[in-house]
Amino acid sequence: MSSTPYPFTALVGQDDLRLALLLNAVSPAVGGVLVRGEKGTAKSTAVRALSALMPQVTTVAGCRFSCDPATPDARCPDGPHESGGGVARPARMVELPVGASEDRLVGALDIERALAEGVKAFEPGLLADAHRGILYVDEVNLLHDHLVDLLLDAAAMGASYVEREGVSVRHAARFLLVGTMNPEEGELRPQLLDRFGLTVEVAASREPEQRVEVVRRRLAYDEDPETFAARWTPEEQALRERVAAARALLPSVRLGDGALRQIAATCAAFEVDGMRADIVMARTATALAAWAGREDVLTEDVRQAALLALPHRRRRNPFDAPGLDEDRLDEILEENRPEEPEPSQGAEQPGEGEEPGEPEQGTDPEDDPDGPGPDGPGGGLPPQQDGPRDGPPPTDAPEATDSTEAEAPAVPPQGPQPSGVGAEEQQAVRAGEPFRTRTLSVPGLGEGAAGRRSRARTELGRTTGARRPNGTLTKLHLSATVRAAAPHQRARGRSGPGLVVRREDLRQAEREGREGNLVLFVVDASGSMAARQRMTAVKGAVLSLLLDAYQRRDKVGLVTFRGASAEVALPPTSSVDTAAARLQSLPTGGRTPLAAGLLRAHDVLRTERLRDPARRPLLVIVTDGRATAAGHRATAPDGPLAQAARAARLFAAERTACVVVDCESGPVRLGLAGRLAEDLGATVTTLDGLRADALAGIVRDTREAGPARTARETRHTITSGRAA
């Protein structure tokens, strides 16, 4: 990879992304940017290109925490500092990897020296490195929740606090926070989404001319990065000066009562929770006015601020798509329009005369355009480079559909159908209303990724014991350490009140918390489930379990079976909303290849054990227990039911945690789902039994079964209680 970054002004399209990044460069108080988009849209390229536009910072010589010599931090761990002097350097862009530990993020204290010498020996983390610069988190949705909490707390407070067993260190941590994510790989919780100031959606352009220009520029950069960057030097310098001018103008911008009323009315009308949205909109509108070279905030600034600050704050559940009704927004602004003053004329700005919020020169990443072409706003090639040839207006190419994107609503099947699926197939029905479910968990103690479902040994949680550390000490068990050191004090020549502690005395705290699991749904979509009301209830129940999996930070997968075969409708993923979309479009009809569904699920789990052996699976089978196949009697010795029983015993042999949701209804019931549960070594419940407010739950059923349950069944019982 070249050390020369791709120029920000050479990016093509992506107007919203460029604007959001530049506004945060003008006013870091806006609160950062979350960039959501499909893979290959140059999200990372845009962020890295921004760092070259940031003004230089002056720091105290030798200070590891980048203190400003004009106003040094009185509580800096490297202080106290004398004011004056300093060393100038470029603003840093610090990247936080997905696998980073808490100590790598916030810094680490040397507990051994703290106990033995009473010295606060602190090694700064990435938050200290990013102070007065940019902190970039790629795939922020894959970062552990507690790290995201620490990161956003520091961004909101402008400081980082590190505490270990009563030893505390605090240092300044003010930075421009930028996170990127692919929604296909899972969503952030709404509480975390709200902590990002602005959010933008990016997608690859469908206009051939823009795609051609993206490829042309990228190939030129890859061939000779230095020469390519040199061509854009004038544009880069002009944009850098404009950012500096907007920063200087920002304190003079007036946010009048009229604009404030528009902001408050907009947030209230869109039913945004809390007050953070109002504050972010106010700061964003002020930054927009400064970017446009004005000293007054206008309605157009408030409108643009709403489009950047509100869409991600309107989600009420994880299956809601972020967005904002622009027609409704215009109505609200018009109803609350103030009498706007004549725009103030400040000092002449670079790029004066452009539309508010519009970057002066072209911009956008290597693989991604979605906005005006290179000759439109924000584009423009340097004189050394030829622009795209003239020609007829490009036509929109059909939208490509990624295999992991949400499918469109199902339509009645046309043309030849797969074997076993015929005219009896029905169009997909809507899911019933989701409800709060009982907690299903995997028995035993796991060691998987942090989550909220099953018991596990984790870095966070309640302390259950102590042990000698295998490597670096991360969580000290203070009392166990003191007990280990106490018998050796005389031999070590202790003479004062201090405790003589050696490395061999240190004890690591063992903690128990919760882990996330792989919840694999196996859904019967055959003709026996096709009654409209019944399938609506089944989909509603699975949707409710998906919502529960989202809240508990699980990975989910979906296997369906009908006709003559089973298919993996969704491979295991962290994107629960994608699973919900696949479920909504699931059609029904045909025979019931139960054994095929179980065997396909077994293959999926076997593959996932190789990929992520620490993540324990939970198999949820939604069926009425029937099994049919063309030309076979269900109850024949080698018929469909016998084949399903053999497949089920594979899970029992591997002690896979399973639960069967019995969908059988009507006055005459065969109890086949119960037999399947026996072969699986699983618990069986009904659709109504999944509800958190049901009178009888899985735990009660298990306890009432008492001694009648075999040892094997008990080992594989799925515990259940009220959802936390």
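A disulfide here is a pair of cysteine sulfur atoms within 2.5 Å. The views below come from a predicted model, in which local features need pLDDT of at least 70 and side-chain atom pairs count only at pLDDT 80 or more, while totals for chains, interfaces and linings use all residues. Residues are numbered from 1 along each chain as its sequence is written, and side-chain values use heavy atoms, with hydrogens and water left out.

View 1. Let's start with the sulfurs: the structure has zero disulfides. Cys 63 is buried at a relative accessible area of 10%, and Cys 67 is buried at 5% (buried means under 20% relative accessible area, exposed over 50%, partly exposed in between, with a 1.4 Å probe and protein chains only).

**View 2. Gln 489 in its loop.** Look for Gln 489 in the loop that links α15 (478-485) with β15 (508-515); helices (H or I, at least four residues) and strands (E, at least two) are DSSP runs, numbered from the N terminus. Gln 489 is buried, with 7% relative accessibility. Its side chain reaches the backbone oxygen of Ala 485 at 2.7 Å, and a polar atom of the Gln 489 side chain lies 2.8 Å from the backbone nitrogen of Val 500. Beyond neighbours within four places in sequence, Gln 489 is in contact (heavy atoms within 4.5 Å) with Arg 494, Gly 498, Leu 499 and Val 500.

**View 3. The six-stranded sheet.** In what order do the strands of this open sheet run? The order is β18-β17-β16-β19-β20-β21, with mixed pairing; two strands pair if DSSP finds at least two bridges between them. At the edges are β18 (565-573) and β21 (683-686), each pairing on one side only. From one strand to the next, the twist averages 20 degrees.

**View 4. β17, β18 and their helices.** Strand β17 (residues 555-562) runs antiparallel to β18, joined by six bridges, and Val 559 stands opposite Val 568 in β18. Helix α17 (residues 576-584) packs on the sheet and touches β17 and β18, its direction making about 15 degrees with that of β17. Axes are lines fitted to C-alpha atoms, for helices over the stretch in contact, and angles run from 0 to 180 degrees between N-to-C directions. Helix α18 (residues 594-611) lies across β16 (518-524), β17, β18 and β19 (617-623), at about 30 degrees to β18.

Technical notes:
A polar contact is a pair of N or O atoms within 3.5 Å; within protein, one must be able to donate a hydrogen and the other to accept it, and residues adjacent in sequence count only if both atoms are side-chain atoms.
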